[in-house]
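Hi everyone, thanks for making time for this. I'd like to walk you through a structure, so let me put it up on the screen.

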Protein chains: 2
Amino acid sequence: MTAMLNTRVVLNARPRGVPVPEDFRVEQAPIPEPAEGEVLLRNIYLSLDPYIRGRIGDGVLGRGRPKVPLGGVIEGGTVAAVVDSCHPDFQRGDIVLSAIGWQQYGVQQAGLLHRIDPDSAPISTFLGILGMPGFTAYAGLNLIGRPQPGETVVVAAATGPVGSMVGQLARIAGAHVVGIAGGSAKVDWLKQAGFDEAVDHRSEHFEVELARATPRGIDVYFENVGGVVFDAVFPRLNPHARVPVCGLAAHYNDVPGDENGAPLQSAGAAVLLPDILSKFLQIRGFAYTEFVDCHEDEFRSRAAQWLAEGRLSYVEDVEAGIENAPSAFIKLITGRNFGKSLVAVSPDPTQE
Amino acid sequence: MTAMLNTRVVLNARPRGVPVPEDFRVEQAPIPEPAEGEVLLRNIYLSLDPYIRGRIGDGVLGRGRPKVPLGGVIEGGTVAAVVDSCHPDFQRGDIVLSAIGWQQYGVQQAGLLHRIDPDSAPISTFLGILGMPGFTAYAGLNLIGRPQPGETVVVAAATGPVGSMVGQLARIAGAHVVGIAGGSAKVDWLKQAGFDEAVDHRSEHFEVELARATPRGIDVYFENVGGVVFDAVFPRLNPHARVPVCGLAAHYNDVPGDENGAPLQSAGAAVLLPDILSKFLQIRGFAYTEFVDCHEDEFRSRAAQWLAEGRLSYVEDVEAGIENAPSAFIKLITGRNFGKSLVAVSPDPTQE
């Protein structure tokens with residue numbers, strides 16, 4: 001609170017392939033002043049999410065959506081405390097959801113902020129299972145996937161904030177839930193979190209283990225990885241299976257023109273169609289934004305209740321210090337995180 | 001009506017690749033006698049449809065659905081006249097929809113028959129635009145594709161019974177409609193039938209012409225072909241485009257193990273996913289059966305009215321004589337038909 005300068009992380013170069021530290025630049029700038037109708041915020045937690053890769057690169061993901069300009073502060077959702085308010089609805093000390101990104105301080109229009117009740121749940125969860133990742137899981141699973149009791153639901157990146165919520169929601173829906181993750185620590189966590197089966201995609205017998213874990217085939221595959229996991233899942237889809245697609249972790253670093261980065265060269269793209277037809281599959285890309293108007297309120301109240309009842313587990317992977325956001329993001333984007341990736345930008349006042 | 005024997009076409013060998021005449025055998029058998037609750041039928045029109053390829057082969061299409069046994073009568077929908085009835089609901093001369101297949105006469109349980117009103121429309125149309133192909137078009141376009149006024153709808157095999165109905169329904173819905181077909185005669189017909197644009201997929205400039213015909217991209221692609229047409233369409237899909245998949249004419253003759261016939265070798269199947277995600281596409285395989293309970297009645301009444309109002313055009317490709325069903329089917333399955341493929345098995349009593 002005594003800092004006179006604002007440490008922030010800006011885009012130094014557009015990454016090609018896996019981002020490297022030199023793609024980012026840590027710099028200091030004056031703390032901005034809020035104008036009328038604005039609020040000055042101090043970030044507490046910064047959320048690191050895979051979609052940011054699309055915003056800073058020039059790959060196929062994120063096309064058509066605004067890019068972070070070179071030299072611009074990297075975008076990201078945060079939980080922040082109000083430091084100074086020029087709007088009657090907010091006062092110093094309020095905890096809010098903001099979009100001021102990778103910096104210690106920022107100003108935002110009051111109308112774009114969402115107040116958080118710190119007594120209802122740990123405030124960091126509003127960036128995870130109670131926030132955008134949780135709602136993404138809810139929308140994709142419950143509104144597109146629609147699992148029925150006894151059906152088999154498979155989710156990859158299952159210890160991540162979206163995947164772990166998908167699995168736990170599928171359990172609540174009465175489905176047989178199979179989580180896919182990389183490494184024994186993550187597999188162990190999945191079993192503790194109530195997944196019926198957990199499969200390690202790094203195993204050399206991955207396909208065999210997936211088959212063993214899904215003896216009745218797969219009715220819903222929540223797709224957030226792509227690549228070889230999709231290739232293993234696809235032949236096991238049952239008739240009328242649903243495949244909500246919300247992320248492609250295996251493809252975030254694809255480089256246009258490379259083998260992985262040229263999916264728009266559609267020669268052979270029809271390869272999926274015979275199965276889509278003969279098994280009446282539904283494959284649907286989506287973003288949570290599509291469902292916000294009609295379903296976000298119902299999600300927030302249900303999820304908060306499930307959390308309060310102890311029916312939802314979650315893991316956070318927290319790095320301290322805004323200057324470490326680039327390394328934490330690289331860790332996320334290369335799949336080395338374990339749980340929801342957060343940067344603790346300043347002390348959490350609710351934990352004091 | 002004086003024939004004492006029943007000429008029928010049975011499966012002689014399972015086709016590999018494109019069916020050949022030797023895969024079929026024309027034979028004669030006694031005319032069957034109806035038992036209690038059954039009806040003896042004389043076929044008037046036999047419907048030839050691509051799905052039959054899946055029922056007689058061992059390719060990937062039609063998997064999980066019953067196969068015609070070797071020596072069995074080839075399956076198919078027909079319009080037939082009642083010759084003899086052992087059920088009070090039907091009497092001699094009634095015109096019905098049946099499933100007695102590729103033969104002159106057959107018996108069927110009365111409960112499986114649907115009576116046709118010959119005064120409401122030409123009876124052959126109950127196998128085409130007012131029948132299963134028409135309802136397939138209606139279900140896929142209106143219930144999955146859901147075109148909005150001003151959106152662009154593309155349909156391939158556009159002079160076929162499904163494709164022509166899709167295009168005309170899309171026009172009724174206020175969409176900009178682009179039909180794809182092979183050859184100038186078909187392209188000319190599409191323009192006469194009210195399609196806004198018609199593109200010849202045999203043109204060496206097919207992709208350029210498709211781009212010119214879809215300057216605002218493609219919002220609904222009704223997929224009934226696959227192959228290179230899909231490959232050309234896919235990159236032009238707009239955000240939130242819908243792709244109902246009801247047929248894959250380009251793949252009916254794929255041979256398992258061949259290059260085209262091994263789509264379940266899913267290596268690279270993830271190639272579509274980045275676009276599915278970044279453009280929020282919906283791709284959904286379907287069969288009309290899924291929608292029969294809730295929507296068939298509404299379809300029949302609307303389509304009959306549109307037909308009576310002169311808002312629906314159709315083309316029929318009629319071959320006379322049940323013994324010519326194999327050659328007519330091979331013509332269909334190799335894309336050389338023009339319009340709904342029918343075999344005139346016996347004189348149409350409503351045309352006398």
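One more thing before we look around: what you see is a predicted model.

Is Phe280(B) buried or exposed? Its relative accessibility is 14%, so it counts as buried. You'll find Phe280(B) in the loop between helix 7, residues 273–278, and strand 13, residues 282–285, of chain B. Its backbone deserves a look as well: phi is positive, about 55°, although the residue is not a glycine.

Arg146(B) also has a positive phi without being a glycine, this time of about 45°. Follow chain B to the loop between helix 2 and strand 8, residues 152–155, and there it is. With a relative accessible area of 37%, Arg146(B) is partly exposed.

In chain B, how do helix 2 and helix 3 lie relative to each other? Helix 2 covers residues 132–145 and helix 3 covers residues 161–172, and their axes come within 8 Å and cross at roughly 45°. The two helices of chain B are therefore oblique to each other. The crossing of helix 2 over helix 3 in chain B is right-handed.

Which residues of chain B meet there? From helix 2 we have Pro133(B), Gly134(B), Thr136(B), Ala137(B), Tyr138(B) and Leu141(B), and from helix 3 we have Pro161(B), Val162(B), Met165(B), Val166(B), Leu169(B) and Ala170(B). Sorted by class, that contact has 10 nonpolar residues, two polar ones and no charged ones.

Over to chain A, please. Here helix 2, residues 132–145, packs on helix 3, residues 161–172, at an angle of about 45°, with the axes 8 Å apart. Helix 2 and helix 3 of chain A are therefore oblique to each other, and helix 2 passes helix 3 in a right-handed crossing. On the helix 2 side of chain A, the residues in contact include Tyr138(A) and Leu141(A), and on the helix 3 side they include Met165(A) and Leu169(A). The class count for this chain A contact is 10 nonpolar, two polar and no charged residues.

While we're in chain A, look at the loop between strand 8, residues 152–155, and helix 3, where Ala157(A) sits. Ala157(A) counts as partly exposed, because its relative accessibility is 33%. What does Ala157(A) touch, leaving out residues up to four places away in sequence? The list is Gly163(A), Ile180(A), Asn224(A) and Val225(A). Cys86(A), on the other hand, is 71 residues from Ala157(A) in sequence, and their C-alpha atoms are 42 Å apart.

Next stop, helix 9. In chain A, helix 9 spans residues 325–333 and is mostly covered, with seven of its nine residues buried. Those are Ala325(A), Pro326(A), Ala328(A), Phe329(A), Ile330(A), Leu332(A) and Ile333(A). What covers them? The cover in chain A includes strands 1, 2, 3, 14 and 15, along with helix 1. Following helix 9 of chain A comes Gly335(A), with a positive phi near 75°.

In chain B, helix 9 is also residues 325–333, and seven of its nine residues are buried. Among them are Phe329(B), Ile330(B) and Leu332(B). Elements covering the buried residues of helix 9 in chain B include strand 1 (5–11), strand 2 (24–30) and helix 1 (51–56). Just after helix 9 of chain B, Gly335(B) has a positive phi of about 75°.

Last topic: cysteines. A disulfide is a covalent bond between the sulfur atoms of two cysteines.

Notes
Residues numbered from 1 in each chain as written. Chains lettered and ligands numbered in written order. Predicted model: local features only at pLDDT ≥ 70, side-chain atom pairs only at ≥ 80, totals over all residues. Heavy atoms only, no water. Axes fitted to C-alpha atoms, helices over the stretch in contact; angles between N-to-C directions. Helix = DSSP H or I, 4+ residues; strand = E, 2+ residues; numbered from the N terminus. Parallel < 35°, antiparallel > 145°, perpendicular 65-115°, else oblique. Left-handed = near helix turned anticlockwise from the far one by under 90°. Contact = heavy atoms within 4.5 Å. Nonpolar A, V, L, I, M, F, W, Y, C, P; charged D, E, K, R; others polar. Buried < 20%, exposed > 50% of the residue type's maximum accessible area, 1.4 Å probe, protein only.
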